[in-house]
Every structure is written in C-alpha cells, then in structure tokens.
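Good morning, and thank you for coming. I would like to walk you through a structure that may be new to you, and I ask you to keep it in view as I speak.

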Amino acid sequence: MNGRDDAPAWVRYLFLLTAMAFVVVLLLLPALNVLVQAFAKGLGGYVSAATDKDTLHAVFLTTAVALIAIAINTVFGVAASWAITKYEFWGKTLLVSLIDLPFSVSPVVSGLIYVLTFGVDTALGSWLDTHNIQILYAAPGIILATTFVTFPFVAREVMPVMEAVGSDQEEAALTLGASGWQTFWQITLPDIKWGVLYGVILCGSRAMGEYGAVSVVSGRITGKTDTMSLRVEKLYQEYQTQAAFTVASLLLFLAFVTLAVKAAVEWRLRRALAEAARRPEAR
Amino acid sequence: MTRRNIPGFKTTMGATLAWLALLVLIPLSRLVTTSSGLSGSDFWKTVWSPQAVAAYELTFGAAFVAALANGAIGLLIAWVLVRYSFPGKNLVNSLIDIPFALPTAVAGLTYGSLYAPHGWIGRFLSPLGIEAVHSRLAVCIVLTFVSLPFVVRTLQPVLEDLGTESEEAAQSLGASRWQTFRHVLFPSILPALLTGIALAFARAVGEYGSVVFVSGNIPMKTQIAPVVIMGHLEAFEFDRASAVALVLLVASFAMNGGINVLARWSRRHER
C-alpha cells in the first residue's frame, strides 16, 4: 500500500478496509450467495434444476429473444448512426434525444405501452385477434418490449465511433467507383466494428436480464412465455428456492462473461478511437 | 441537404424514422390517448390518490437515500482505487461493474435472501430489531446496490487527472489535511460527485425488478410507483395505469433534463 496519499498509515488502512468491506458486503456476498444457494442440494440438485424442462425452455426463449432484439437494434443502430453522422439536417439533436427516449421510460411503462397498443380493446388488437395473430402474452410481445428497452444501446455506441472516424475514406472509395454497399462493408464496417460489438454486448446483456417490461407483456405462461428472469421469480414464489437460485446462477455467469468480454472490447474500442484521432485525414 | 455526396441518406433516415415511430413513438403516444379517456377529476384522483402519493414518495425518497449513500461509499471506493495500490486492486475494480451486468431479478432474489431474518446478513440485523426485508430500508439497500457503479465511475477519471500537486502545494503552505480536503480537493471533485449522485438517483428511480423482490409491496408502506401501475393493469384499469405512467414519464424527463444540465456544468468546471 504505497499509494499517493500521505495520510497516517492508520487512516489509510481504515479507508482501505472500509472500502473493501462495502465491496464485500454489497457486491461479493450477493454473488456468492447465489452460488451457495444454487448448490444447496449438491451438484445433482443443481443439474436437475438446471435441466428442468420449463427452465430449459426459459433459457431458450431468453436467448432467442435477445438474439432477435440484438439483430433488430444493430441494423437500426448502424442505420441511425449513418443517417445522423454522415449528413447535416434540421432537427438532428431532436432525433438523437428521441432515440435515447427509451432510457428514461420505467420498465413497467415500457411493457404497458405495448399492452395499450395491442390489447384486445384497441382497434388494432381486435383486428389481430380476429385474424388469430397473437402479439401480447406470446413471443412477439416479449420481443417488442425487449427491443424497446434496448433500443438506444447500439446507436449510442456506434455514433461516436462513426463521427470520430470521419467520412474521407468512404468518399475516396466512392470516387474510385465503389458502390454504396461495397463502401459500407469494406470501409465503414471494419472501422466501426468494435463500437458495434460494444453496443451489441450492452444490448444483449440488458435484453437477457430484462424483467419489468417483459413481465407486463409475457402473461407468464410456464413453459411458454417465461423468460429466465420471470422463471426465477416464479420458482421463488413457489418456494422452490434452490431451483430459483439455479436459474439465477445461470444469469450470474452470463453477467460475469458479459463483464469480461466488455472489458476486452472496451480496450480495443479505445484503441480504435485513438487510432481514428491520429489519422491525419480524419478531420 | 446532404453535406457530402455519400449515398444512403434516404434509406437510413427512412429506416430510422420508421423504426422510431413504430417501436417507440406510436406505442408511447398510447399513454396519452388512453389516459385521456379519464375525466380531469378522475385523472387527478388517480395520479394523486393517497396510495399513489405514498408510492411516489417511496420511489423518490428511497432513490435519494440510495444516491446519497452512494455519494459517500462511491467517493471512498473511488479514492481507494485511485490513490492506493494493494493486491487484487484490478479485480476489485472490475467487480464494481457487477450491478451494471447483473439482471435485476437476480439482485432482488439474492438481496432478499441475504437480508431475510435467517440470511447471512439478516441474522445479525434481526436481533437488533432491524427489518431489512419487506421494509423501506430493504428498498434503500437494494437501490444502493443497483446504482453503486455510477459515483465510482464518474469520480475515478477526475481523481486520476487531479494529481497530487495542488494538495502538496496546500500542505506545504501549512494547510491541515482537513483544510486541504475541504478547500482544495473537494471543490474540484464536487461537480463529478454531484453528477455521479444524480446518475445514481435516476437509475434508482427507474429500478423495478429488484425492488419488488425485497419490498413486500405493501400499499402505503413499501409500494413503489410502478407497482401502482401494475395494480391498475391487473384490474384492467388501463386508463388509470396510463395516467400514473404518464406522471412517471414526465418526472423522468424532468430529471434527465436536470442531469444533462448538471453534467454540462460539471464538464465545463473540469476544463
């Protein structure tokens, strides 16, 4: 402990110990508790809870919903970044803040707005109902709500990178006769890929962990519309504590993987941004 | 209108606007059209019922307590992470982000079990008569967890940049350690600290999943505002649910506006 603080040693140790106590109590114990409770009935209990049919379906649904939300928001995020950073137009600031809008909407409200849009008492809802198309209390509703809460992530990460890289290389490629798509795939995408990936990680992590918005639109049908977070809650309410913690532990692993991958990508992203700043033709 | 001759403006702008309208703006506008089904007095009675007011108070009050707690805890952790070197520092630094990555239902589940009367922490609190689940305290504790990284992460870069020169200068001029902290260090980190606290507050106000696990959702006592919306929704009172949702939405817009102003002030202050 030879840091840049010349306070008396006992003060420094007091600070360090208090800070570590908070880290242990607030962050480490909750994570450890998940693992201990998940393995409360040994490895056998863990495996049988993790391979329960309805739990496996929840894992499948959560993964599928997250992948679709990522796909939608990546296409949207890159398109929006292209439109916003490559051109000047009136109302740009407004557009950017509209894209950020879902961040300030409470999770329950994020689900509620789709219930209001597709509920059977609306014109759209009754039309869908007579044509046997189910949005609410089915996978499409869960996908919509999840896409809404993760809407800004990719756009927000890609925009600053695209802005920093600039458009000179694209213009050069276009002048040399490349098509728009060729330019995008071969010039733009390699430049922005770390930004895209970073946004995808944030989007995926939030999508797989979303609870409030999904709980409103899912209808919580066991084995059908339960995502992992909803499954955790249901098992907990059914007093199947160990099984609830088993599903929670899967989400905890996911969180750790997310943190590790995020750190790696963050490092590459920062390097890519620094490189873009050094490029003489960028500005 | 294009600045350069890069193709794709119509396609990308068209897609962006279509997506935005279909996924965000039209569904959000349903809050206004649905709640307008209520008469003015019904609207008022719904959004300002004693139960709703108690829920707003808890939502904002507990978030405020959690944000302030994070102001102190986050300052301490950031200080230790920047100024001290100790074994395992990198690991601790990466642990700080756990609340960002951990799904909210997992946070609620594990906090509920830790602070329950027989849990690892609850067993020490319960003999003292401290109820740390199904109480307002429980809401404050779990909100402190979900918003923990904000203060640490906004303070860290500022503390790194600050260096120790001005402190050393102050001390060589005879200032005591406390005077140095109050008059030299604190004023330079205050903007970042306030921004961190505000971000933590906003995050805590918006939190739902973890709170419903630990709060017990007792009306007038431990119910947060989104639970009031859920109550209306489960009773099929869509208009009332939208009315309360609209109030929350306006409140969070106002809050985000305030935070933006604060963040801009803080950035200006740094330069």
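The model is a predicted one. Although B:Phe236 is not a glycine, its phi is positive, at about 60 degrees. Is this residue buried or exposed? B:Phe236 is exposed, because 11 other C-beta atoms lie within 10 Å, and a residue with 12 or fewer counts as exposed.

A:Arg220 belongs to the loop that links helix H11 (212-218) and helix H12 (228-237) of that chain. Its phi, near 50 degrees, is again a positive value in a residue other than glycine.

Let us now turn to the interior. In soluble globular proteins, nonpolar side chains tend to be buried together. The largest nonpolar core in this model has 163 residues, and those touching the most other members are A:Leu112, A:Ala248, B:Val142 and B:Val244. Which helix gives this core its largest share? That is helix H3 of chain B, residues 50-83, with 16 residues. In chain A, domain 1 (1-38) and domain 2 (42-282) each supply at least three residues to the core.

Setting aside neighbours within four places in sequence, its contacts are B:Thr46, B:Val47, B:Ala52, B:Ala225, B:Val228, B:Ile229 and B:His232. Thank you for your attention.

Notes:
Residues numbered from 1 in each chain as written. Chains lettered and ligands numbered in written order. Predicted model: local features only at pLDDT ≥ 70, side-chain atom pairs only at ≥ 80, totals over all residues. Helix = DSSP H or I, 4+ residues; strand = E, 2+ residues; numbered from the N terminus. Buried ≥ 20, exposed ≤ 12 C-beta atoms within 10 Å, placed from the backbone. Core = buried A, V, L, I, M, F, W, Y, C linked by C-beta atoms within 7 Å. Domains from an automatic or database assignment. Contact = placed C-beta atoms within 7 Å.
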